[in-house]
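Hello,

Here is the structure I promised to pass on. Please have a look at it first, then read my notes below.

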Amino acid sequence: MEYFPNILFVIVLIAGIGFFARNVKRLSRNVKLGKDVDVSDDKGQRWKNMAKIALGQTKMVVRPIAGFLHIIVYVGFIIINIEVLEIVLDGILGTHRIFAPLGSIYDVLIGSFEILAFLVIVAVTVFWVRRNIIRVRRFIKPEMTGWPKQDGNLILYIELVLMVLFLTMNGADYQLQQMGADHYLKAGMFPVSQFMAPLFEGMSMSSLILLERTAWWLHIIGILCFLNYLYYSKHLHILLAFPNTYYGKLKPKGQFKNLDAVTAEVKLMMDPSADPFAAPAEEDAGEPEKFGASDVTDLNWVQLLNSYTCTECGRCTDECPANQTGKKLSPRKIMMDTRDRLEEVGKNIDANKGQFVDDGKQLLDDYISREELWACTTCSACVQACPVSIDPLSIIMDMRQYLVMEQSAAPTDLNNMMGNIENNGAPWPFNQMDRLNWAKEE
């Protein structure tokens, strides 16, 4: 029975990490459903972007209050993982505060963890107030009802509980150190949890040990549960912000990609030696590639990674001029819809033993309406505003491309313009001989 807690801890740890690995595998499979795209260019700039945007949080502080509070939670999450490492080693080896021999360094570490934990509690409380009492406008948009709202609040509750458990564990440990309890050697500095001492007055040593052990177990189990909750939550950006900023778009925001098939046709048209009536080459005789995107499998894998990385913060929608003027478009909803459809496709594949069975649905119309797509002004404000380099505009443009080139379903004004370009060489409804007549008028 002496090693039972260690064995139990190892089982819990393996189960938690194993379930997380399964979710990572599923996530990777879903992202790879997208088309391949070459993002191997300018690796130096990509590493620089990742360090600056994901690690340095440079785009978060554009909005100082939310940015500062987010940095507190972010730094707390990163640094407190050192404390998690100690808990894991203690759980496996049956030790208590295995890093205590570090002496004064350990004291500073524990003291820093406690201050950060307290600041995280303050930040999380402010975030909750902003969402539920002040009701910041971007958090009450139509797409933020139901599960997205519950998810945002649930994450705050989980973080709050984890920090309270950490401080409770340390507070009880501090009391046991003062009482000279066995195995509770004097180590660590407790600038926050020491003020919890009045809560423990009158408790026996055995009760304090039970409290400390309970808080210890709940804290580490809570962390493992939170780790596995990430896949089902907007908080997946904790892990994906780094690859997403690395693979983010490097070209100017207003520069759109050309379809290879269309480029080849234009080059052929402009080649004076080409025979316009020649039959296609043997290798080109296959089924032509679909223009644009109507479903998630038509998008590239970076766009699908974008959808999973979305934090649902709403900065993109807040900056969108179409949304500000009452149009139906919300760039955040575009990303949320893409992720929801991708999840639906993934579940379809799981249910059918690795094969996708047509479900009669697609991203276009079933998730994203044509009205939303045509409301976009292609200003790139959403791309600029995103704190983790997500590009909703690329998805909008690909779906527009499908509507125009596959379905000829552009709005009337746009169809008129394209007809004029085809017939007159310009967007205006005048033939080429008459286009300068205005200059002759007195």
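**The second largest pocket**

By class, 33 nonpolar, 9 polar and 6 charged residues line the second largest pocket. Here Ala, Val, Leu, Ile, Met, Phe, Trp, Tyr, Cys and Pro count as nonpolar, Asp, Glu, Lys and Arg as charged, and the others, Gly among them, as polar. This is a predicted model, where local features need pLDDT of at least 70 and side-chain atom pairs pLDDT 80 or more, while totals for chains, interfaces and linings use all residues. Residues are numbered from 1 along each chain as its sequence is written, and side-chain values use heavy atoms, leaving out hydrogens and water.

The lining has 48 residues, with V73, E159, H235, H237 and I238 nearest the pocket's centre. A pocket is an open set of points on a 1 Å grid over the protein atoms alone, where a 1.4 Å probe fits, with protein on both sides within 12 Å along at least five of seven lines; lining residues have an atom within 4 Å of a point. The space inside is about 1,100 Å³. That volume is the space filled by probe spheres set on the points, which are joined across faces, edges and corners.

Helices that each give at least two lining residues include α1 (4-31), α3 (64-93) and α5 (147-179). Helices are DSSP runs (H or I, at least four residues), numbered from the N terminus. The largest share, 11 residues, comes from α3.

**Two domains**

The chain divides into domain 1 (4-31 + 63-234) and domain 2 (260-271 + 289-430). These bounds come from an automatic or database domain assignment. The domain centres, taken over C-alpha atoms, are 40 Å apart. Domain 1 puts 17 residues into the contact and domain 2 puts in 23. Contact means heavy atoms within 4.5 Å. Both domains give residues to the lining of the second largest pocket, so the pocket lies between them.

**Packing of α1**

The axes of α1 and α3 are 7 Å apart, at an angle of about 130°. Therefore α1 is oblique to α3. Axes are lines fitted to C-alpha atoms, for helices over the stretch in contact, and angles run from 0 to 180 degrees between N-to-C directions. Oblique is what remains after under 35 degrees (roughly parallel), over 145 (roughly antiparallel) and 65 to 115 (roughly perpendicular). N6, F9, V10 and L13 of α1 meet I87, V88, G91, I92 and L93 of α3.

Best wishes
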